[in-house]
Structure formats: structure tokens, C-alpha cells
Amino acid sequence: MSHPETRPASRFSPKLKETITSLLGRYETKRSSILPILHAVQDERDWISPEDVQELERDFGLSVVDVTEVLTFYTMYRKSPPKPYRLEVCGSISCWLLGSDDTLRAAAEKIAAAQAEGRPLPFEVHRVECLGVCGYAPVALVNKDRYLNVTPAEALRLMDDYAKRPLPEAAKVAAADLAARGGKYEPPAPVGQ
Ligand code: FES
């Protein structure tokens with residue numbers, strides 16, 4: 001256990017710590033609470049860093065080994081700082097038949113063109129599996145907001161719209177985190193090594 005004087009400052013907000021404590025109380029074992037706790041950490045910090053994993057062990061008694069195992073198994077957890085907006089386009093059959101590949105391509109090309117001009121956009125684009133509203137294909141998410149009938153033109157309009165919005169809180173946390181690392185991101189080394 002760390003000496004109180006050398007204990008690093010907490011990276012988590014009081015609200016997040018409260019959520020983690022409450023989640024720990026809802027499950028019989030600490031191990032069973034790891035999935036929802038990682039969701040809560042990701043919701044606040046936008047991604048889950050090795051330091052976050054260490055804080056979960058230090059302050060909440062969750063084993064680094066157990067947490068790292070869950071973190072690396074599930075792709076839904078982000079292990080590196082993401083862009084502020086994650087555009088996810090469904091690539092399953094109904095959406096694919098109605099042109100989701102064109103939507104994905106249009107978004108990816110817009111990002112690449114802006115990058116080439118030295119003005120990177122705050123987006124990353126991903127193809128995902130069925131989002132459950134196949135009658136409104138193509139379907140897309142921007143972070144947690146769902147959009148229906150997302151043609152290529154609609155995707156570009158959405159990107160223009162989101163680019164004008166203030167950054168989400170979690171993205172500000174991730175940006176500050178990255179700045180504290182000197183603006184460079186090194187992929188996390190296995191925790192505890
Ligand atoms: S196939 Fe795209 S939402 Fe179901």
C-alpha cells in the first residue's frame with residue numbers, strides 16, 4: 001500500500017469514485033464488477049489508461065491482472081486516446097444493401113482530405129454490426145447519438161455539425177491527459193511490468 005504522503009493524486013472525479021464504490025457494492029465479487037466499472041471510467045475519461053487501471057487497484061482493490069484481462073479481451077474498451085467523436089456506421093446486411101459502404105467511404109475520405117490539408121477533424125470512423133433498427137438503414141451513431149437513413153451526404157452534414165460543437169467533457173479529459181504526456185501517445189505497456 002502507498003504511503004499517504006507519496007500517494008499519487010486521484011485521476012477520477014468524486015462522482016466517478018462514488019459510482020465505482022456503488023458498483024462494487026452491487027456485485028458479490030470485485031471481479032464481477034469490472035465490466036460496468038470500466039464503462040464508467042471510459043465514460044468519464046474517454047479511454048482507459050494504465051494509470052487508470054493502477055488507480056482501480058490502489059484505491060478500489062481491483063486486481064490489475066483481472067482488470068487488464070477484461071480490458072484487453074473486449075474491443076469496446078478504448079486502450080488509446082480516441083478522437084472526440086466516434087462515427088460508427090452499421091455494416092450489417094440491411095445497411096450494407098442500402099449503401100452503408102458509401103457512407104463509410106464518404107466519411108473516411110473527408111477525414112483523410114482534411115488531414116492532408118493539415119486540419120485534422122475530431123472524428124474517427126468505424127464499421128459496426130447491426131444497431132437494431134434495420135428498417136431505417138443505413139444507421140449510424142455519433143458517440144451515443146443515433147441517426148437513421150444516413151446517406152453519404154447526411155454523414156458529411158453530421159460531421160460538419162458536430163465539428164462546430166463544444167468538445168464533449170470526456171474528450172477534454174483525454175486531451176488534457178495527452179497534453180500531460182507531452183502530446184505524444186505511447187501505446188500502454190502491460191500494466192505491472
Ligand atoms: S442492419 Fe444496420 S441496423 Fe440492422
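Select leucine 131 first, in the loop between S2 and S3 of this predicted model. With 20 other C-beta atoms within 10 Å, leucine 131 is buried, because a residue with 20 or more such neighbours falls in that class. Now display its contacts: leaving aside residues up to four places away in sequence, leucine 131 touches Cys90, Val139, Leu141 and Arg146. Phenylalanine 12 and leucine 131 are 119 residues apart in sequence, and their C-alpha atoms lie 31 Å apart in space.

Remain in this loop and select glutamate 129, which also lies between strand S2 (123-128) and strand S3 (140-142). Is glutamate 129 buried or exposed? Glutamate 129 has 10 C-beta neighbours inside 10 Å and therefore counts as exposed, the limit for that class being 12 or fewer.

The next selection is the pair alanine 137 and proline 138. The peptide bond that joins them is cis, with omega at about -10 degrees. Proline 138 is likewise placed in the loop between S2 and S3.

Move on to asparagine 143, in the loop between S3 and strand S4 (145-147). Its phi is near 50 degrees, a positive value in a residue other than glycine. Asparagine 143 has 15 C-beta neighbours inside 10 Å and so counts as partly exposed.

Continue to asparagine 149, in the loop between S4 and helix H7 (152-163). With 12 C-beta neighbours inside 10 Å, asparagine 149 counts as exposed.

The tour now turns to helix packing. Two packed helices are described by the angle between their axes and the distance between the axes. Select helix H1 (residues 14-26) together with H2: their axes come within 10 Å and cross at roughly 170 degrees. H1 is therefore roughly antiparallel to H2. To see where the two helices meet, show Leu16, Thr19, Ile20 and Leu23 on H1, and Pro36, Ile37, Ala40, Val41 and Glu44 on H2. Colouring these residues by class gives 7 nonpolar, 1 polar and 1 charged in the contact of H1 with H2.

The axes of H2 and H8 come within 6 Å, and their crossing angle is roughly 80 degrees. H2 and H8 are therefore roughly perpendicular to each other. At this contact, Asp43, Glu44 and Arg45 of H2 meet Ala170, Val173 and Ala174 of H8. The residues of the contact divide into 3 nonpolar, no polar and 3 charged.

Zoom out to the whole chain, which contains 8 helices and 4 strands. Read from the N terminus, the elements follow the order α-α-α-α-β-α-α-β-β-β-α-α. The C-alpha trace spans about 55 × 40 × 30 Å along its principal axes. Of the 193 residues in the chain, 21% are buried. Among contacts with a separation of 6 or more, 68% join residues 24 or more positions apart.

Colour the chain by domain next. Residues 12-79 form domain 1, and residues 85-166 form domain 2. The centres of the two domains, taken over C-alpha atoms, are separated by 29 Å.

Finally, switch to colouring by pLDDT. The average over the chain is 89, and 91% of the residues score at least 70. Where is pLDDT under 50? Select residues 188-193: pLDDT stays under 50 over this stretch, for which the model has 11 contacts beyond four places in sequence. Where pLDDT is low, the predicted coordinates should not be read in detail.

Notes:
Residues numbered from 1 in each chain as written. Predicted model: local features only at pLDDT ≥ 70, side-chain atom pairs only at ≥ 80, totals over all residues. Contact = placed C-beta atoms within 7 Å. Axes fitted to C-alpha atoms, helices over the stretch in contact; angles between N-to-C directions. Parallel < 35°, antiparallel > 145°, perpendicular 65-115°, else oblique. Nonpolar A, V, L, I, M, F, W, Y, C, P; charged D, E, K, R; others polar. pLDDT = per-residue confidence, 0-100. Domains from an automatic or database assignment.
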